[in-house]
Amino acid sequence: MTSRTGSAPRIDLHAHSTASDGTLTPAELVGAAFHAGLDVLAITDHDTTAGWAPAVGALPPGLRLIRGAELSCRWSGAQPAVPLHLLAYLFDPDHPELVAELARVRAAREERGERMVGLLQADGIDVNWPDILAGAGGGTVGRPHIAQALIRAGLVDSVREAFGPDWLGERYRLPKEDIDVFRAVRLVREAGGVPVFAHPRATRRGRVVPDELIAELAAAGLAGLETDHEDHSPAEREHVRALAAELGLLVTGSSDFHGTHKTVQLGAFSTSVEAYERIVAEGVTEVASG
């Protein structure tokens, strides 16, 4: 694979659009990726493939698009269950069981959001569910949309503050109806996709799962670990990299770009050509090219 800029290929395999909780439309996202000098971008909105078609339709020349999603999962081996995210690449978007599961998770996410807004309103906080739904623009509703309402109301200054313990991080946070992680890996594989564990060691996000679970997931079909990510410390990155090598898993690097919801920029971290080619070889859906 050659880069369109003449340097080493830049491959970002984790980015969000307004189809979930990003601030750029799918068309704007691929345009921004092109101007950032990327060669490959993965669109990985939460629990949805709604951004795929508009992203493909707006692909600039020379940019390749991996169609994917970030699945909301849980591991029930601890109490309470540990939430985690699974990146799924190049799967069949019409696989019936996976489609049904993603629809269930999206509906549960919307119900949870409305209940969280109800908790805020019960404490006299001026937020409005119809306005939050409108702000989501038809995309998968999540805490960032509620965070934006808190910012608009002048109650917090940033999404990071909104996700703090006094707000959506603890006091007004409710559990999600996520997919059991082993079921998620199975469904992605049955749909012809390639499952990669997103930011698996990001302790700054909260609890993480033990290495023994990752070994079990690898035996169940997990393909890789997202290693280079803004929420991993240098020590955590090295730990994940060593674990991936031990288990024979591929490693990825990516921005987890959300637009103005986060400060990280597209291409902040990159995936190797070797890992990219392995994902392409294993996936059932072809990479789209502009």
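Which strand is largely enclosed by the rest of the structure? The views below start with strand E7 (residues 224–228), where 5 of the 5 residues are buried, so the strand is largely enclosed by the rest of the structure. Buried means under 20% relative accessible area, exposed over 50%, and partly exposed in between (1.4 Å probe, protein chains only).

The model is predicted: local features need pLDDT of at least 70, side-chain atom pairs count only at pLDDT 80 or more, and totals for chains, interfaces and linings use all residues. Residues are numbered from 1 along each chain as its sequence is written, and side-chain values use heavy atoms, with hydrogens and water left out.

View 1. Helices (H or I, at least four residues) and strands (E, at least two) are DSSP runs, numbered from the N terminus. Two strands pair if DSSP finds at least two bridges between them. E7 pairs with strand E6 (residues 194–197) in the parallel sense, over 2 bridges. Val 196 has Gly 224 of E7 as its bridge partner. E7 also runs parallel to strand E8 (residues 250–253), joined to it by 4 bridges. Here Gly 224 has Leu 250 of E8 as its bridge partner.

**View 2. Two β-α-β units through E7.** E6, helix H8 (residues 211–220) and E7 form a right-handed β-α-β unit. E7, helix H9 (residues 234–247) and E8 form a right-handed β-α-β unit too. A crossover is right-handed if, with the strands pointing away from the viewer, the path from the first strand over the helix to the second runs clockwise.

View 3. A salt bridge is a side-chain nitrogen of Lys or Arg within 4 Å of a carboxyl oxygen of Asp or Glu. The structure holds 16 of these salt bridges. One joins the side chains of Glu 97 and Arg 183 (3.1 Å, N to O). Glu 97 lies in helix H3 (residues 96–122) and Arg 183 in helix H7 (residues 181–190), so the pair ties together parts 86 residues apart in sequence. Glu 97 is partly exposed, at 30% relative accessibility. Arg 183 is partly exposed, at 27%. A network of salt bridges links Glu 97, Glu 101, Arg 104, Arg 183, Arg 186 and Glu 190.

View 4. Asp 211 and Arg 201 meet through their side chains in a salt bridge (3.3 Å, N to O). Asp 211 is in helix H8 and Arg 201 in the loop between E6 and H8, 10 residues apart. Asp 211 is partly exposed at 23% relative accessibility. Arg 201 is partly exposed, with a relative accessible area of 24%. Arg 205 and Asp 231 also meet in a side-chain salt bridge (2.6 Å, N to O). Arg 205 is partly exposed at 40% relative accessible area, whereas Asp 231 is buried at 10%.

**View 5. Aromatic rings.** Rings of Phe, Tyr and Trp (its six-membered ring) pair if their centres lie within 6.5 Å; planes under 30 degrees apart count as stacked, over 60 as edge-to-face and the rest as tilted. The whole structure has 2 aromatic pairs. In one of them, the rings of Trp 52 and Phe 91 have centres 5.2 Å apart and planes at 55 degrees, so the pair is tilted. Trp 52 sits in helix H2 (residues 52–57) and Phe 91 in the loop between strand E4 (82–89) and H3, 39 residues apart. Both residues, Trp 52 and Phe 91, are buried.

**View 6. Arg 109 and Ser 72.** Arg 109 belongs to helix H3. Arg 109 is buried, with a relative accessible area of 9%. Its side chain makes a polar contact with the side chain of Ser 72 (2.7 Å). A polar contact is a pair of N or O atoms within 3.5 Å; within protein, one must be able to donate a hydrogen and the other to accept it, and residues adjacent in sequence count only if both atoms are side-chain atoms.

**View 7. Backbone geometry.** Most residues other than glycine have a negative phi, and most peptide bonds are trans. Gln 79 and Pro 80 are joined by a cis peptide bond, with omega about -5 degrees. Asp 47 has a positive phi, near 55 degrees. Asp 47 is buried, at 0% relative accessibility. Asp 256 has a positive phi near 55 degrees and is buried at 1% relative accessible area.
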